[in-house]
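Here is a set of questions about how the words used for a protein structure follow from computed values. Please look at the sequence and the structure first, and then follow each answer step by step.

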Amino acid sequence: SSLLQHDTFNFAMGFFCLSMIHQGCNYMSLQYVPLSHFNKQRLRLVLEDYIDFSEVPSPTEVAKKERFFPLPLLLSDSTKEWLMVGRSLNDVCPNPDDLEKLLTLVPDERYLIRLGEKSQDIDIIYFHEAEAKDVIRGMYHACLLRHATKAFREPEMVSSNADEYVRRTHEQVKDHFPSLFDQLCSKGWNTGSDVTIIEGSSSYRISIATSK
């Protein structure tokens, strides 16, 4: 380039390398400055440990596992492959019967959860009144559901019993969530609504009107 007076490709590569070094330094610093609030990746790491070992890791322990990469091809949040949060209700429940079924699968919760019969993808939609505790509860249910379905190599085993998997894992949520939440608080996790962020900027929440 006559304007830069040197090779544009080499300039771009140098800029890219410096940017990656900068991002790498930021990543290394995060390992030594544990964050106690939840994003989706951080919450998934905590929940997977709890499901596997019945023990909540501390923010310091999670900081050593958490990964951050600025490039889309290197994204470390594996939930993007199987979990959709806040899709349009029309996409998740195309008709009233589907909505009624989801409401009966997880009664008295402030979220709806759906297991795709063919894809085994999981949808969560939170109600408008859902607070941080409800958000964590819904994510816990999703991780339990994912854990249960991964145990079967034959997709047809899951597709024919999708609703039963949702019901069964909901029973686990009811049994174990109180202990999980107590451990989160005792390990120093900040579970406030203003710092628990797993929904994207385009995510929907819903409100269900009930007839009296």
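Q: Leaving aside its neighbours within four places in sequence, which residues is serine 58 in contact with?
A: In this predicted model, serine 58 is in contact with Lys187 and Trp189, once the neighbours within four places in sequence are left aside. Serine 58 itself has its place in the loop between H2 and helix H3 (59–65).

Q: Why does serine 58 count as buried?
A: A residue is called buried when its relative accessible area is under 20%. Serine 58 has a relative accessibility of 17%, and therefore it counts as buried.

Q: Which residues make the contact of H2 with H6?
A: From H2 come Lys40, Leu43, Leu47, Tyr50, Ile51 and Asp52, while H6 brings Ile136, Met139, Tyr140, Cys143, Leu144 and His147. Sorted by kind, the residues of this contact are nine nonpolar, one polar and two charged.

Q: Why is H6 called oblique to H8?
A: Helix H6 (residues 132–150) packs against helix H8 (residues 162–186) at an angle of about 130 degrees, with the axes 9 Å apart. Roughly perpendicular ends at 115 degrees, and roughly antiparallel needs over 145. The angle lies between these two limits, and therefore H6 is oblique to H8. H6, too, passes H8 in a right-handed crossing, and the residues of this contact divide into twelve nonpolar, six polar and three charged.

Q: Which residues touch the most other members of the largest nonpolar core?
A: This core has 47 residues, and those that touch the most other members are Leu83, Ile113, Ile122, Tyr126, Tyr140, Leu180 and Leu184. Among the elements that give two or more residues to the core are strand S1 (83–85), strand S2 (111–115) and strand S3 (122–127), as well as H6 and H8.

Q: What does leucine 83 touch, not counting residues up to four places away in sequence?
A: With those residues not counted, leucine 83 touches Ile122, Ile124, Met139 and Ala142.

How values were computed
Residues are numbered from 1 along each chain as its sequence is written. This is a predicted model: local features need pLDDT of at least 70, side-chain atom pairs count only at pLDDT 80 or more; totals for chains, interfaces and linings use all residues. Side-chain values use heavy atoms; hydrogens and water are left out. Axes are lines fitted to C-alpha atoms, for helices over the stretch in contact, and angles run from 0 to 180 degrees between N-to-C directions. Helices (H or I, at least four residues) and strands (E, at least two) are DSSP runs, numbered from the N terminus. Angles under 35 degrees count as roughly parallel, over 145 as roughly antiparallel, 65 to 115 as roughly perpendicular and the rest as oblique. A crossing is left-handed if the near helix is turned anticlockwise from the far one by less than a right angle, and right-handed if clockwise. Ala, Val, Leu, Ile, Met, Phe, Trp, Tyr, Cys and Pro count as nonpolar, Asp, Glu, Lys and Arg as charged, and the others, Gly among them, as polar. A nonpolar core is a set of buried Ala, Val, Leu, Ile, Met, Phe, Trp, Tyr and Cys residues joined through side-chain atoms within 4.5 Å. Buried means under 20% relative accessible area, exposed over 50%, partly exposed in between (1.4 Å probe, protein chains only). Contact means heavy atoms within 4.5 Å.
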